[in-house]
Amino acid sequence: MDAVSQRCDGTGNMHQRLSSIGGTFERTSTPNNGTAVSLTLPLGKA
Amino acid sequence: MGVAHSFQSQSTIRPVVWNSCPSWTTAQLSGLFFLLLGTNPTLAAEKPAFAVEAIEADGVKLPLGGETTGPLKLRSNTRSLDITFAPVRSASAVPLRFRYQLDGFDLGWRDPIGVMRFAVRFNDAADNTISGEEFDAYGESPGWTGVPETARFKERQETLEVPQGATRLQAWLSSAGPQQTMGVYALDGLEVMIMSSSPTLEERSVGMIPPTGSLMDKSAGTPTGWARHGTSLGIAQIRPQAGRPPLIIMRDDRPDAFGGWLTRGSKDLPLAGASKILLKWREAYSIGWGGGARVSYPYLPAGEYRLRIQTLSVEGLPLGNESVMRLLVVPPFYQTRGFWICLAGLVSAALGLLVRQFTRRRLQRRLDVLESERAVERERGRIARDLHDNLGADLTHLALLSDLAQADAGDVNKAKFHFDQIFDLAQSLTRQVDEMVWAVNPANDSLKGFVPFLSNYSQNYLLAAGLPCRLDLPDSLEDVPLSSAQRHHLFLTVKEALHNIVKHAHATEARLSVRIHQRLLTIRVEDNGRGIATV
């Protein structure tokens, strides 16, 4: 569960997208056990 | 001047006959003795003979500290100021007069007004007074020199109606208005012109002061037909005049006594048959106050004052010393310069703040406008970039494929392959345009519209790749606004993640979950594929 981000397959791009709207991007992956990407964004008021 | 009133109740008048001298007090005798000698003590008062004994502001006594403690302070809302003057016992062996002036309020010297009085009475045959007329004298006559012989005299004349039954006219002089009155009054050339009502009777003029009498060359002399009265007989005097009847004098040098002259009943002037008289006389005087006194000042405006007290001789001449007391009426706070400066400062500060706030708000509004303009600008740039990045390459590809299809038009199989490719690409382009339009459309600018779109898209995309997709979504979604840029970037990120799963993960299942916890939106895309090697 420790391999994180910054690959040439578009992770940097995805990071950039989220930070441009004030959010964060995170990817965790373990070999042979799948990958998970997580996008978080603080929301405004309703 | 000249208020007529009855003399019936004047009990203070005690006619005294000079010659028969019945039972005089020693005081009266010594006064006369002093007169006969004709000497005058030199009045050299080294210190003021009068001082302020008390000052009351609205009835409350103020502490008198003297000069060393600075000015006496008064509140500006003081309604009345009462000053009590008292003689300084040790100052002078002989009684003196005083006058005072409040610099800053009074325009000249004042004294507690003492009055001396010259009066005439109309009497009947039994010597009862029918009516009378009084002529008050106070202050100082113009041209007063301190000595009656050299003073300028005021010419006076009065026309009087003779009342019914009056047969005699009596002259009467008194220094008692009231007893504390001190000073000198001199009467000269008193003359009566009797005007007849019947044409047969002659009009005639009669002098009322005879040149004859006893001791007529002395102050203590008595003209024929005149007599002294009062508590101090020395007050009534005469001054001989060469070739003329003497001056009739009142010299009151005692604050506790009064005196005067009158013409005796037996020598009155016959008035029978007269309808009017014309009274003529000349007078010179300096009349003031000896002894204690209490005077009042009304409301004094804020400011600095000096209460000056001057000691005078009986004749009204200043004796060369003066005492001064400083008074300060403290202005109320709203009349002070400091208050107005403070107020002006506060007002200008408030104005400054207001102007600042106003300009700041205007600037802020302007900034907001610029900001939103910039945001629109950025959004336009982003759309342009997306069009170029996403559609540009595909459209170029499309053009290339069309070229190839045309080149291979002869070979049906090759051409069909190209056309299939063109069809797929066109379909992909349509979808991309749809997505872009969706993201830009303001109707979809909330979480409520975004999450179903995202899940729907993910499901279709993964299913098309033959992967089952599990969705984990909140039961209800708030209507939280989501900007076009936020939707755009979230969507493209998820799209890219899905693309990676399909292309690289070799997964058999994928899962999309959306959570909102404490106003934080979390979107997770997971797969069960082979994972990525650590860097």
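This is a predicted model: local features need pLDDT of at least 70, side-chain atom pairs count only at pLDDT 80 or more; totals for chains, interfaces and linings use all residues.
Trainee: Where in chain B do B:Arg251 and B:Glu315 lie?

Mentor: B:Arg251 belongs to strand β17 (residues 244–252) of chain B, while B:Glu315 sits in the loop between β22 and β23 (318–330) of chain B, so the pair ties together parts that are 64 residues apart in sequence.

Trainee: Is B:Arg251 buried or exposed, and is B:Glu315 buried or exposed?

Mentor: A residue counts as buried when its relative accessible area is under 20%. B:Arg251 is therefore buried, at 10% relative accessibility, and B:Glu315, with a relative accessible area of 13%, is buried as well.

Trainee: Which residues of chain B are joined into one network by salt bridges that share partners?

Mentor: Such a network joins B:Asp472, B:Arg511, B:Arg515, B:Arg524 and B:Glu526. Over all chains, the count comes to 24 salt bridges.

Trainee: What does the salt bridge between B:Arg306 and B:Asp103 tie together?

Mentor: The side chains of B:Arg306 and B:Asp103 meet at 3.3 Å, N to O. B:Arg306 lies in strand β22 (residues 303–312) of chain B and B:Asp103 in strand β5 (residues 97–103) of chain B, so this pair ties together parts that are 203 residues apart in sequence. B:Arg306 is partly exposed, with a relative accessible area of 36%, whereas B:Asp103 is buried, with a value of 19%.

Trainee: With which residue does B:Arg239 form a salt bridge?

Mentor: The partner of B:Arg239 is B:Glu149, and their closest N and O atoms are 3.4 Å apart. The two are 90 residues apart, with B:Arg239 in strand β16 (residues 236–241) of chain B and B:Glu149 in the loop between β8 (139–140) and β9 (154–161) of chain B. B:Arg239 is buried, at a relative accessible area of 14%, but B:Glu149 counts as partly exposed, at 47%.

Trainee: Turning to helices, what span should helix α3 of chain B have?

Mentor: The idea is to compare an expected span with the distance between the end C-alpha atoms. At 1.5 Å a residue, the 29 residues of helix α3 (residues 412–440) of chain B should span 42 Å, and the end C-alpha atoms are 42 Å apart, which agrees. At the N-terminal end of α3(B), the cap is B:Asp411, with a side-chain oxygen 3.1 Å from the backbone nitrogen of B:Asn413.

Trainee: What covers the buried residues of α3(B)?

Mentor: The cover includes α2 (337–407), α4 (447–464) and α5 (484–505) of chain B. Among the buried residues of α3(B) are B:Ile422, B:Leu425, B:Leu429 and B:Trp438.

Trainee: How many helices and strands does chain A have?

Mentor: Chain A has one helix and three strands, and along the sequence they follow the pattern β-α-β-β. Of the 46 residues in chain A, 50% are buried.

How values were computed. Residues are numbered from 1 along each chain as its sequence is written. Chains are lettered from A and ligands numbered from 1 in the order in which they are written. Side-chain values use heavy atoms; hydrogens and water are left out. Helices (H or I, at least four residues) and strands (E, at least two) are DSSP runs, numbered from the N terminus. Buried means under 20% relative accessible area, exposed over 50%, partly exposed in between (1.4 Å probe, protein chains only). The expected span of a helix is 1.5 Å times one less than its number of residues. Contact means heavy atoms within 4.5 Å. A polar contact is a pair of N or O atoms within 3.5 Å; within protein, one must be able to donate a hydrogen and the other to accept it, and residues adjacent in sequence count only if both atoms are side-chain atoms. A salt bridge is a side-chain nitrogen of Lys or Arg within 4 Å of a carboxyl oxygen of Asp or Glu.
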